[in-house]
Amino acid sequence: MRIKQINSWTVNIFLSLSAIIAIFPIYMAVINSFKTDGEMFKSFISLPTTLRFSNYVEAFDRINMVQSSINSAIVAGIGIMGIVFCASLAGYKLSRTNNKLSNFIFMLFIASMLVPFHSIMIPLTRMAKALHVQGSIYGLAIIYIGLGVNMAVFLYHGFVKSIPRELEEAAEIDGCNEFQTFFKIIYPLLIPITVTIGILDFLWIWNDFLLTLIMITNADHNTLILSTNVLFGEYNKDWALILASLVLTAVPVVVMYTFFQRYIMEGITEGAVKG
């Protein structure tokens, strides 16, 4: 009994330290976003003497918060809808087709998840330029669809295995073709994993910087995370404004994750384990 109690205390201490390490950078960013640069460099970990909300007002204006947020929402919306549509159909068909070709295609999706983005960055840039989609937020959204569909297929593939085949057989007897069976019978049952995929891809697309940096060439099309880059000058960096802009950028992501974290964990577990 005493050994179990010691183990429990050890686990709690370890988790508490991990939480502190994870929260500390957020704490530093928030408290320093209310300071002047002079206060920040004088004491980086102390609380601000006065709350300078003017940092947030100026950062809101400098990063063009409204237009940048709209651009990010457009890219994320199109990207998520494309990923869900393509991956749900592919995951369903691959899960229900048991032959060597289907298994080979599925393994290609899995293998593509292991390819680092940096290794395809240059060919992807050249291809985007050749297809005249570089610089367009709609072209950027299409690229996100291609990059995000592999993980989604993996999750859908596992989730579909938990759905009884008798439902499809009954729909076929009632005269439904394969597409009608999928959209009327199967897809409504995929809502839990669809919510998970949508949230995960939103977090990824909203926070992604590197792909938007190499694909967006017009400042009017900047996503929110890319707009913060305008505050990094070659010879001057206003760290108070930079931290304020990063806090503003992170708020939608933190709010969404806080409300939907339960669905994320449930969907990943069901999609990866079932079947």
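Hi everyone, let's start where helix 4 meets helix 10. On the helix 4 side, the residues in contact are Ser 69, Ser 72, Ala 73, Val 75, Ala 76, Gly 79, Ile 80, Ile 83 and Val 84, and across from them in helix 10 sit Thr 194, Ile 197, Gly 198, Asp 201, Phe 202, Trp 204, Ile 205 and Trp 206. Please keep in mind that this is a predicted model.

How are these two helices arranged? Helix 4 covers residues 65-96 and helix 10 covers residues 191-207; their axes lie 9 Å apart, at an angle of about 140°. Because of that angle, helix 4 counts as oblique to helix 10. Their crossing is right-handed.

Helix 4 has another partner to show you. With helix 9, residues 178-186, the axes cross at roughly 110° and come within 12 Å, so helix 4 is roughly perpendicular to helix 9. Here helix 4 contributes Phe 85, Ser 88, Leu 89, Tyr 92 and Lys 93, while helix 9 brings Glu 178, Thr 181, Phe 182, Phe 183 and Ile 186.

Now for the charges. How many salt bridges does a search of the whole structure find? There are three.

Last stop, the surface. Ile 23, Phe 24, Tyr 27, Phe 44, Ile 45 and Leu 47 form a nonpolar patch of about 620 Å². Of these, Ile 23 is in helix 1, which runs over residues 2-32. Thanks, everyone!

Notes. Residues numbered from 1 in each chain as written. Predicted model: local features only at pLDDT ≥ 70, side-chain atom pairs only at ≥ 80, totals over all residues. Heavy atoms only, no water. Patch = residues over 30% accessible without salt bridge, like charges linked within 9 Å, V, L, I, M, F, W, Y side chains within 5 Å. Areas by Shrake-Rupley, 256 points an atom, 1.4 Å probe, with all protein chains shown as cover. Salt bridge = Lys/Arg side-chain N within 4 Å of Asp/Glu carboxyl O. Helix = DSSP H or I, 4+ residues; strand = E, 2+ residues; numbered from the N terminus. Axes fitted to C-alpha atoms, helices over the stretch in contact; angles between N-to-C directions. Parallel < 35°, antiparallel > 145°, perpendicular 65-115°, else oblique. Left-handed = near helix turned anticlockwise from the far one by under 90°. Contact = heavy atoms within 4.5 Å.
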